[in-house]
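Trainee: I would like to go through this model and ask what stands behind the words used for it. Could we take the terms one at a time?

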Amino acid sequence: MADEGKLILAIGLCALDIVTYVNKYPEEDKDYRATDLYWQRGGNASNTCTVLSLLGRKSEYFGTLGDSHEISFIDDNLTKYGIITENCVRHNQSNCPNSIIIINKENASRTIMHYNKNLPEPTLDDLKRKIDLKNYKWIHLEGRRRNKDEIKKMLRYMNDSRSQNHSSLGSLKVSVELEKPDLVDLEDLAQLADYVFISKDYAAAKGYKSKEEAVEGFINKCSIGVSLICAWGELGASAKAWHGPVVSSPAYPPNELVDTLGAGDTFNAATITALSEGANLETAINFGCQVAGAKCGIRGYDGLANFQFTF
């Protein structure tokens with residue numbers, strides 16, 4: 001196979017998550033005791049690589065890394081999961097981004113407060129200098145408002161490179177994630193990828209009231225030939241190829257909700273795994289829902305290695 005030995009590359013954020021569990025969500029200006037607290041590597045692209053690793057797939061993370069004291073934990077954790085980072089851009093005198101996360105044990109909701117003091121985002125020049133596209137079968141980009149213009153340049157570069165080098169890059173697939181509805185609209189990124197993942201929050205901000213309505217409507221804003229995927233939490237996921245019907249998958253909720261942090265990243269990673277290995281859209285999103293559901297029933301990600309997932 002032409003793709004044998006090639007990797008899945010995820011481009012985006014790597015951060016330190018400081019996760020705090022509480023029995024109920026705190027009221028403002030009150031004192032509470034946490035029931036647990038731990039550090040966890042986070043960031044959408046970074047999480048995607050973690051899940052790929054736990055599913056037994058080799059992946060690479062590409063992004064920027066700081067040199068503040070948190071980097072030793074982050075580097076050790078990336079190594080623990082076998083995630084390739086040799087092409088990351090490391091910035092001196094730059095702080096690692098942090099997220100303070102509160103998980104409410106009453107309903108497993110997660111509240112995230114993110115802070116990036118001064119770490120630059122990856123650029124197209126970084127990508128050209130560090131990444132050989134021929135080494136990858138799939139590249140997934142996290143749509144980020146702080147870096148939208150550079151992400152757009154990266155997507156155009158990948159498309160131009162595939163057009164000019166069809167024999168070596170013709171099978172490379174490119175996906176982009178539009179997660180956060182924001183003042184900076186990421187919509188035009190959807191015109192530059194083969195697969196577009198939109199979140200429930202993003203779709204709802206666009207006025208869509210269901211996962212089916214989202215993929216049916218938003219696909220008209222994407223490039224010709226695209227496949228659009230939308231996960232909708234406890235209601236599962238839907239997807240649509242450009243000329244195909246809407247297909248859907250139910251959710252697979254755990255017996256007990258424990259931790260929903262990173263469920264969307266888990267869905268994306270599992271869906272990409274299936275698609276990159278030849279599964280059709282319906283099968284792929286069903287696999288994504290299975291893995292994401294299992295993740296919601298465990299703390300963190302490591303327990304995913306104990307499940308037997310198939311597609």
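Mentor: Start with contact, which means heavy atoms within 4.5 Å. Among contacts in the chain between residues at least 6 apart in sequence, 68% join residues at least 24 apart. Keep in mind that this is a predicted model.

Trainee: What makes the radius of gyration of the chain agree with that of a compact globule?

Mentor: A compact globule of 311 residues would have a radius of gyration near 19 Å, and the chain has 19 Å, so the two agree. Along its principal axes the C-alpha trace spans about 60 × 45 × 40 Å. The secondary structure comes to nine helices and 14 strands.

Trainee: How much of the chain counts as buried?

Mentor: Of the 311 residues, 54% count as buried. The chain exposes about 14400 Å², and carbon and sulfur atoms supply 46% of that area.

Trainee: Why is the pair of glutamate 142 and arginine 144 called a salt bridge?

Mentor: The rule asks for a side-chain nitrogen of Lys or Arg within 4 Å of a carboxyl oxygen of Asp or Glu. For glutamate 142 and arginine 144 the N to O distance is 3.2 Å, so the pair qualifies. By this rule the count comes to 18 salt bridges. Glu142 and Arg144 also belong to a network of salt bridges with Glu121 and Arg146.

Trainee: Are glutamate 142 and arginine 144 buried or exposed?

Mentor: Buried means under 20% relative accessible area. Glutamate 142 has 4%, so it is buried. Arginine 144 has 11% and therefore counts as buried too.

Trainee: What makes aspartate 194 and arginine 162 a pair that links distant parts of the chain?

Mentor: The closest N and O atoms of their salt bridge are 2.6 Å apart. Aspartate 194 is in the loop between β10 and β11, arginine 162 is in helix α4, and they are 32 residues apart. Arginine 162 is buried, with a relative accessible area of 12%.

Trainee: Why are lysine 206 and aspartate 185 called partly exposed?

Mentor: Partly exposed lies between under 20% for buried and over 50% for exposed. Lysine 206 has 29%, so it is partly exposed. Aspartate 185 has 32%, so the term applies there as well. These two residues form a salt bridge, with the closest N and O atoms 2.5 Å apart. The bridge links the loop between α6 and α7, where lysine 206 lies, to the loop between β10 and β11, which holds aspartate 185.

Trainee: How do you know that tyrosine 81 is buried?

Mentor: Its relative accessible area is 13%, which is under 20%, so tyrosine 81 is buried. Tyrosine 81 lies in the loop between α2 and β6. Not counting residues up to four places away in sequence, it touches Arg41, Thr50, Ser53, Leu54 and Asp302.

Technical notes:
Residues numbered from 1 in each chain as written. Predicted model: local features only at pLDDT ≥ 70, side-chain atom pairs only at ≥ 80, totals over all residues. Heavy atoms only, no water. Helix = DSSP H or I, 4+ residues; strand = E, 2+ residues; numbered from the N terminus. Rg over C-alpha atoms; globule rule 2.2 N^0.38 Å. Buried < 20%, exposed > 50% of the residue type's maximum accessible area, 1.4 Å probe, protein only. Areas by Shrake-Rupley, 256 points an atom, 1.4 Å probe, with all protein chains shown as cover.
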